[in-house]
Amino acid sequence: MQRNTDSNTVYISKADQALRNKAGTGEIPVEKIRLSQKQIDQNNVDFQPIAEIYLERLSQALQNARQNMDAPADRLLGALEKPVMNLKSNGALFGYPLISDIATNMLRFIETRSKVDEDLLDIIQLYLDSQNIIINQKIKGTGGSVGLQIQDELQNACRRYISKLKA
Amino acid sequence: MALNLERVSILIVDDNMPTMELIKAVLQVFGVKNITTATSAEEGFETFQKKIPDIIIIDWDMAPVNGIELTKKIRNDKASVYPQVPIIMLTGYNSKKHVELARDNGITEFLTKPFTAEDVAKRISSVVNRPRDFIQCNKFVGPDRRRRRASNYNGPDRRNGADKQVIYLDVNG
């Protein structure tokens, strides 16, 4: 039930036990967790068309950022962040852990930026190109040595950018 | 002891069908029999009002209304049938600022994508095993954010200050 919340009143409802009364207490059995992980691992969703949507959105966000460098940085960065976040979220769920691994690093990199410049956009373009290669060549799993090489190159580019900013 | 989720009802609100189907499949294996789904925040709120689920799993990144806005509506709308419902926020964001934003808007648990079955199990177990007090004041409506009590805390007591009236309620009858 909603309460009138004037500035001086705090309502504290004791923890609702209804769910505990229905389900009891304890954990979900390990065997059920193992079986459900199998459902995740063996799903046959075709990730390619999903990924293409996010890659296209990232491409548009990049193009928009290049054309509107004077726009508020948080707005530009937010638009760049979102498709990267979606690639990170979905890649590993649908057979492309390499997409998620690389996107995790790229997302962290973008989230810690406060301004947008050409060098930053070049790195995100490099990221976009690498993701396009992974999707077009259907590089599933970790991608082996090619996957490692892509990750290294992007991480080095991010490190160089951060060092340059600090210099 | 094992949880028995057969009588627990869960609503999943996500506009990404493949992810929604995956979560549904995981919950079914966990033994949840009563699962309803919605593909937008608007439909999610309508379904919530009709079904009154025990737990809601909401994806953050939905359009035009996102998961945070839906959470606010469930927690604050005068017509909301169950503002205290445990809400698990599903998202690919995991920076501190995103976690804090979700927490300050009243979510109960945060589930980061990509998730494993174990991640989902932990969040479900947490909302069942460790229900939290529910706070309603002018600045915040949601489960108690103070999960840890610092023994050496000596800052202002905003909840029990002299100018505050604190009313304790017991929803368990």
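This is a predicted model: local features need pLDDT of at least 70, side-chain atom pairs count only at pLDDT 80 or more; totals for chains, interfaces and linings use all residues.
Trainee: Let's start with rings. How many aromatic pairs are there over all chains?

Mentor: Five. One of them is Phe47(A) with Phe94(A), and that pair is stacked. The centres are 6.3 Å apart, with 25° between the planes.

Trainee: Where do Phe47(A) and Phe94(A) sit in the chain?

Mentor: Phe47(A) is in helix H3 of chain A, residues 47-67. Phe94(A) is in the loop between helix H4 (73-91) and helix H5 (97-111) of chain A. The two are 47 residues apart, and the pair links distant parts of the chain.

Trainee: Is Phe47(A) buried or exposed? And why?

Mentor: Buried, because its relative accessibility is 1% and the cut-off for buried is under 20%. Phe94(A) is buried too, with a relative accessible area of 3%.

Trainee: Which residues form the aromatic cluster with Phe94(A)?

Mentor: Phe47(A) and Tyr96(A). Together with Phe94(A) they form one cluster.

Trainee: What about Phe109(A) and Tyr161(A), stacked or edge-to-face?

Mentor: Edge-to-face, because the planes stand at 80° and the cut-off for that class is over 60 degrees. The ring centres are 5.7 Å apart.

Trainee: Which helices hold Phe109(A) and Tyr161(A)?

Mentor: Phe109(A) lies in helix H5 of chain A, and Tyr161(A) in helix H7 of chain A, residues 144-166. The pair therefore ties together parts that are 52 residues apart in sequence. Phe109(A) and Tyr161(A) are both buried.

Trainee: Stay on H7(A). How many residues does it have, and what span does it reach?

Mentor: H7(A) has 23 residues. From first C-alpha to last it reaches 33 Å, close to the 33 Å expected at 1.5 Å a residue.

Trainee: Which residues in H7(A) are buried?

Mentor: Gly147(A), Ile150(A), Gln151(A), Leu154(A), Ala157(A), Cys158(A) and Tyr161(A). The buried residues of H7(A) pack against H5 and helix H6 (118-136) of chain A.

Trainee: Over to chain B. Which residue lies over the face of Phe140(B)?

Mentor: Arg145(B), at 3.8 Å from the ring centre. Elsewhere in chain B, Lys73(B) lies over the face of Phe45(B), at 4.6 Å from the ring centre.

Trainee: And Leu101(B), where is that?

Mentor: In helix H4 of chain B, residues 96-104. Leu101(B) counts as partly exposed because its relative accessibility is 41%, and that class runs between 20% and 50%. The C-alpha atoms of Leu101(B) and Ile68(B) are separated by 8.6 Å, though the two are 33 residues apart along the chain.

Trainee: How many cavities of 30 Å³ or more does the structure hold?

Mentor: One. About 220 Å³ of space lies in the largest cavity.

Trainee: What lines the largest cavity?

Mentor: There are 21 lining residues. Nearest the centre are Asp16(A), Gln84(B), Pro86(B), Pro131(B) and Arg132(B). Helix H1 (18-23) of chain A and helix H5 (117-129) of chain B are the elements that give two or more residues to the lining.

Technical notes. Residues are numbered from 1 along each chain as its sequence is written. Chains are lettered from A and ligands numbered from 1 in the order in which they are written. Side-chain values use heavy atoms; hydrogens and water are left out. Rings of Phe, Tyr and Trp (its six-membered ring) pair if their centres lie within 6.5 Å; planes under 30 degrees apart count as stacked, over 60 as edge-to-face and the rest as tilted. Helices (H or I, at least four residues) and strands (E, at least two) are DSSP runs, numbered from the N terminus. Buried means under 20% relative accessible area, exposed over 50%, partly exposed in between (1.4 Å probe, protein chains only). A charge sits over a ring if NZ of Lys or CZ of Arg is within 6 Å of the ring centre and within 35 degrees of the ring normal. The expected span of a helix is 1.5 Å times one less than its number of residues. Contact means heavy atoms within 4.5 Å. On a 1 Å grid over the protein atoms alone, a cavity is a set of points where a 1.4 Å probe fits but cannot get out, and a pocket is an open set with protein on both sides within 12 Å along at least five of seven lines; lining residues have an atom within 4 Å of a point. Grid points are joined across faces, edges and corners, and a volume is the space filled by probe spheres set on the points.
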